[in-house]
Structures are given as structure tokens and as C-alpha cells.
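Thanks for making time this morning. I would like to walk through one structure with you, and I will give the cut-offs as we go, so please keep the view open while I talk.

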Amino acid sequence: MAVRGNSIIKGIEISEIVGLLNRAYADEWLAYYQYFIESKVTKGIMKDAVVSELTLHAADELRHANLLADRILQLGGTPLLHPQEWFKQTNCGYDEPKEFDVVAILQDSIKGEQCAISTYSSLVDIVKDKDIVTYNMVSQILADEVEHEEDLQALHDDISEFIFNIKKSLQ
Ligand SMILES: [Fe+2]
Ligand SMILES: [Fe+2]
């Protein structure tokens, strides 16, 4: 544990930060798997564009899990050791894909990103002025989640418009 590094944390218990980071860590693994499996099962129009976006996001969520695990260790905590803990500690849960068409898959993913944005936004508020290192890290992750939502929404809107125009031209 980084003794001097952790001594600069003030106004919050380190165990509280570790608990919050572990919850986010659970979310990231579940988000990673959701993107991973969505990229495998999705089908329909413009599928290739959707698969490459989902694959990129999966890699980002895994990178976030990595950042969180390293910070938890720096703080003297232990990242969740058993996948069963992911379901007990998650903020955002896991949305098993039920419909595999690209539009439904994108809608599920957008919902997940919106939950991630809320989670990191409250985490940023909690550690602000108390733990600068965690603050910088969660701010960066929050910026990624905002970008994820935007990318998915843009793709969703493009595909919806494309389908709408095809239907119109077939009438
Ligand atoms: Fe993430
Ligand atoms: Fe994300």
C-alpha cells in the first residue's frame, strides 16, 4: 500500500473509496461481457459497423476494469476475487440480450452507458477535493462513458434513419 500516496486522502475513509471502486469494477466486467456477447450475437442491417463499435467498447470496459483494479490495490484494498461478487456489488446490473437485431442491441447498450454515466458522475462528486488521484481516474472513465453513449446513439440514429428511408422508398 502506498503510505505517503494514501496520506494525501482527506475527508473520506479509504475503505469507503475501495468499496465504491469495487462496485464500479463489478460494473466494468459485466459491461465488458455484455459488449463481448452482443458483438457475437447481433444481426441485421449495418451489422459490421455495429460489431466493430461493440468490440471497441468491450476493450474500453476491460481497460477501465484494469484501471480500477490497480487503484484499489494502491489503496490497500483487494479487487473482487470471485465473479459471483460482480452480481452482488454491481450498480448497473447485467442486461442479457433478448433480441439480437442491431437496433435492440444498441438500445440495450445505450441504457448501460447511461447507467455508467450516472454511476461515475456520483463517484466524481464523492471523491472531489478528497482523493485527487481517484478523482482524475474516474473523471477520465466518465469522459469515455459519455463518448460511448454518443457513439452508440449516433449509430442507432443512422440505422433507424436508413430503415425509415428504405421503408419509404418501398411504399
Ligand atoms: Fe467503462
Ligand atoms: Fe462504456
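Predicted model: local features only at pLDDT ≥ 70, side-chain atom pairs only at ≥ 80, totals over all residues.

Let me begin with helix α6, residues 132-170: at 1.5 Å a residue its 39 residues should span 57 Å, and since its end C-alpha atoms are 57 Å apart, the two values agree. The expected span here is 1.5 Å times one less than the number of residues, and helices (H or I, at least four residues) and strands (E, at least two) are DSSP runs, numbered from the N terminus.

Residues are numbered from 1 along each chain as its sequence is written, and chains are lettered from A and ligands numbered from 1 in the order in which they are written.

Staying with α6, its buried residues include Thr134, Met137, Glu145, His148 and Ile159, where buried means that 20 or more other C-beta atoms lie within 10 Å of the residue's own, with exposed meaning 12 or fewer, partly exposed in between, and C-beta atoms placed from the backbone. The cover over these buried residues includes α2 (14-41), α3 (47-74) and α5 (102-127).

Stepping back to the whole chain, there are six helices and zero strands, and the C-alpha trace spans about 70 × 30 × 20 Å along its principal axes. Of the 171 residues, 30% are buried. Among contacts (C-beta atoms, placed from the backbone, within 7 Å) with a separation of 6 or more, 78% are between residues 24 or more positions apart.

Which residues touch the most other members of the largest nonpolar core? They are Leu21 and Tyr25, in a core of 32 residues, a nonpolar core being a set of buried Ala, Val, Leu, Ile, Met, Phe, Trp, Tyr and Cys residues joined through C-beta atoms within 7 Å. Two or more residues of this core come from each of α2, α3, α5 and α6, and α2 gives the most, with eleven residues.

Neighbours within four places in sequence aside, Tyr25 is in contact with Ala65, Leu68, Ala69, Ile72, Pro79 and Leu80. Tyr25 and Leu67, finally, are 42 residues apart in sequence, yet their C-alpha atoms are 9.0 Å apart in space.

Note on methods:
Contact = placed C-beta atoms within 7 Å.
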